[in-house]
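Subject: Structure handover

Hello,

Here is the structure for you to look through. Please open it first, then read my notes below.

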Amino acid sequence: MDANAWRALVATLSDDRCRRVYARLVLGDDASEEFRAMSPGAARRVERSLVTAGLAERDGDGLRPVPEIFARALAAAPAPERPSGVDRFFSAGRLSVYPARQADRAAVLARIAHRVIAVDESVDEATINERLSAIVDDVASMRRYLVDAGLLTRSRTGDAYRCGDAHGP
């Protein structure tokens, strides 16, 4: 089975008629009612689709489901690429795990700082909070971590944030 076999499964099951017949087969019911409700040409197409996709096989005068097709399709699919480096701490652009190792934390904080503020930019706290909320759940803690790491500097009045000395291009 090739890595794209799942496409035939999804395409076949996206057809209402194929899905109804397949459901009957899987439940052990007689699918002949479903076939009788179709034109002879449509019944042949549904049967051919189910067999070609590997969801069913001919068994005498009828069809029987092939339940192992899903395991075979999953086994043939390529394994998803695992993120490496600092990317392994993010999922869909959001911080999913705060790293334990200091070097990893520094890399994560630098990545976040680059995403929330430009080198020569000065923004108010509401803007920093809004930008951080797109990346982290705990905005206040992350803002504090960035300040403590020197990646953000806070004005004396506390109403503005700038890129810190440690944050370069």
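What percentage of the 169 residues in the protein chain do buried residues make up? The answer is 32%. Keep in mind that this is a predicted model.

**Overall picture**

The protein chain has eight helices and seven strands. Its C-alpha trace spans about 85 × 30 × 25 Å along the principal axes. The radius of gyration of the protein chain is 28 Å. A compact globule of 169 residues would have one near 15 Å. Now take the contacts between residues at least 6 apart in sequence. Of these, 47% join residues at least 24 apart.

**Helix H8 and its two partners**

Two packed helices are described by the angle between their axes and the distance between the axes. I looked at helix H8 (residues 139–148) in this way, with H6 and then with H7.

Start with helix H6 (residues 102–116). The axes of H6 and H8 come within 10 Å. They cross at roughly 105 degrees. Angles of 65 to 115 degrees count as roughly perpendicular, so H6 and H8 are roughly perpendicular to each other. Which residues meet here, in H6 and in H8? From H6 come Leu109, Ile112 and Ala113. From H8 come Met142, Tyr145 and Leu146. By class, the contact of H6 with H8 has six nonpolar residues, no polar and no charged.

Next is helix H7 (residues 125–133). The axes of H7 and H8 come within 9 Å and cross at roughly 110 degrees. H7 and H8 are therefore roughly perpendicular to each other. On the H7 side, the contact is made by Glu125, Ile128, Asn129, Leu132 and Ser133. On the H8 side, Val139, Met142, Arg143 and Leu146 take part. The contact of H7 with H8 divides into five nonpolar, two polar and two charged residues.

Note Met142 and Leu146 of H8. Both meet residues of H6, and both are in the contact with H7.

**Single residues to look at**

Asp104 is in helix H6. Is Asp104 buried or exposed? Asp104 counts as buried, because its relative accessibility is 13% and the cut-off for buried is under 20%. Leave aside its neighbours within four places in sequence. Asp104 is then in contact with Arg88, Phe89 and Pro99.

Ala92 sits in the loop between strand E3 (90–91) and strand E4 (94–95). Most residues other than glycine have a negative phi. Ala92 is not a glycine, yet its phi is positive, about 55 degrees. Ala92 counts as exposed, at 82% relative accessibility.

Gly158 lies in the loop between strand E6 (152–154) and strand E7 (160–163). Gly158 counts as buried, at 12% relative accessibility. Gly158 and Asp124 are 34 residues apart in sequence. How many Å apart are they in space, C-alpha to C-alpha? The distance is 8.7 Å.

Gly41 is in helix H4 (residues 40–53). Gly41 is buried, with a relative accessible area of 18%. Gly41 and Ala76 are 35 residues apart along the chain. Their C-alpha atoms are separated by 32 Å.

Best wishes

Definitions and conventions:
Residues are numbered from 1 along each chain as its sequence is written. This is a predicted model: local features need pLDDT of at least 70, side-chain atom pairs count only at pLDDT 80 or more; totals for chains, interfaces and linings use all residues. Side-chain values use heavy atoms; hydrogens and water are left out. Axes are lines fitted to C-alpha atoms, for helices over the stretch in contact, and angles run from 0 to 180 degrees between N-to-C directions. Helices (H or I, at least four residues) and strands (E, at least two) are DSSP runs, numbered from the N terminus. Angles under 35 degrees count as roughly parallel, over 145 as roughly antiparallel, 65 to 115 as roughly perpendicular and the rest as oblique. Contact means heavy atoms within 4.5 Å. Ala, Val, Leu, Ile, Met, Phe, Trp, Tyr, Cys and Pro count as nonpolar, Asp, Glu, Lys and Arg as charged, and the others, Gly among them, as polar. The radius of gyration is taken over C-alpha atoms; the globule rule is 2.2 Å times the number of residues to the power 0.38. Buried means under 20% relative accessible area, exposed over 50%, partly exposed in between (1.4 Å probe, protein chains only).
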